[in-house]
Amino acid sequence: MSRELVYTGFMSLDGVVDSPGGKEEGHRGGGWVMDTEFVPEAYSLKSEELADHTALLFGRRSYEAFAPYWRESDDHIAYKELPKYVLSTALTESDLLDGWGPTTILRSTEDVAELKETDGGAIFIHGSAELARRLGDAELIDRYNLLVFPVLLGAGKSLFSRSDRDKQPLRLRDSAVYANGVAKLVYDVVR
């Protein structure tokens, strides 16, 4: 049985995952998560996921953005010693951050497919929209854990490919709607 590969993230209603935390991330509408009324239960999915995490997978840019912050963050202490994988053709061992647990560089989609066949539990992808699109198109993602925010952003990074492809059915595993308009949608990929 292969390990489950799970994408988890914040998304606008029109499918943009770009810059949820702030403008410095790149999107002119950045910070849209922080602009939404804070309702603690709307983020319960994030704490629920902690029990499932056995490894983290990032693209290079997300690794470079998250690693320095998450290494020092009390909110992300549970991630510190988890195995981490970064899919990148450019990163070298010397680029990896010390003090944030074991990190392995993967070089190809095939390397991710091989990782899924190793022993262990769920591997979670945070951020990394381009990586998620690539792995989704390669039929390697097994589940999407999404918090959909009540905002339309127009342009920006999308989690899903816009290329013509075969229909991919999804099965709703869990859902909830919160007082601030955020919707939790957890979908299993049907194969």
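A residue counts as buried under 20% relative accessible area, as exposed over 50%, and as partly exposed in between. In this predicted model, Phe10 has a relative accessibility of 22% and therefore counts as partly exposed.

The structure holds 13 aromatic pairs. One of them joins Phe10 and Phe149 in an edge-to-face arrangement, with 5.5 Å from centre to centre and 90 degrees between the planes. Phe10 belongs to strand E1 (residues 5-12) and Phe149 to strand E6 (residues 143-149), so this pair ties together parts that lie 139 residues apart in sequence. Whereas Phe10 is partly exposed, Phe149 is buried, its relative accessible area being 1%. The ring of Phe10 also has a charged neighbour: Lys46 lies over its face, at 5.3 Å from the ring centre.

A further aromatic pair is formed by Tyr63 and Trp100. Here the rings are tilted, with 45 degrees between the planes and 6.1 Å from centre to centre. Tyr63 is part of helix H2 (residues 60-72), while Trp100 sits in the loop between strand E3 (84-87) and strand E4 (103-106); the pair therefore ties together parts that are 37 residues apart in sequence. Both partners are buried: the relative accessibility is 2% for Tyr63 and 0% for Trp100. Tyr63 and Trp100 also belong to one aromatic cluster, which is made up of these two residues together with Phe58, Phe66, Trp70 and Tyr79. Over the face of Trp100 lies Lys84, at 4.6 Å from the ring centre.

Helix H4 (residues 129-137) was examined for its buried positions, which are Ala129, Leu131, Ala132, Leu135 and Gly136. Viewed down the axis of H4, these buried residues fall within an arc of 155 degrees, so they line one face of the helix. Just after H4, Glu139 takes a positive phi of about 60 degrees.

Note on methods:
Residues are numbered from 1 along each chain as its sequence is written. This is a predicted model: local features need pLDDT of at least 70, side-chain atom pairs count only at pLDDT 80 or more; totals for chains, interfaces and linings use all residues. Side-chain values use heavy atoms; hydrogens and water are left out. Rings of Phe, Tyr and Trp (its six-membered ring) pair if their centres lie within 6.5 Å; planes under 30 degrees apart count as stacked, over 60 as edge-to-face and the rest as tilted. Helices (H or I, at least four residues) and strands (E, at least two) are DSSP runs, numbered from the N terminus. Buried means under 20% relative accessible area, exposed over 50%, partly exposed in between (1.4 Å probe, protein chains only). A charge sits over a ring if NZ of Lys or CZ of Arg is within 6 Å of the ring centre and within 35 degrees of the ring normal. The arc is that of the directions from the helix axis to the C-beta atoms.
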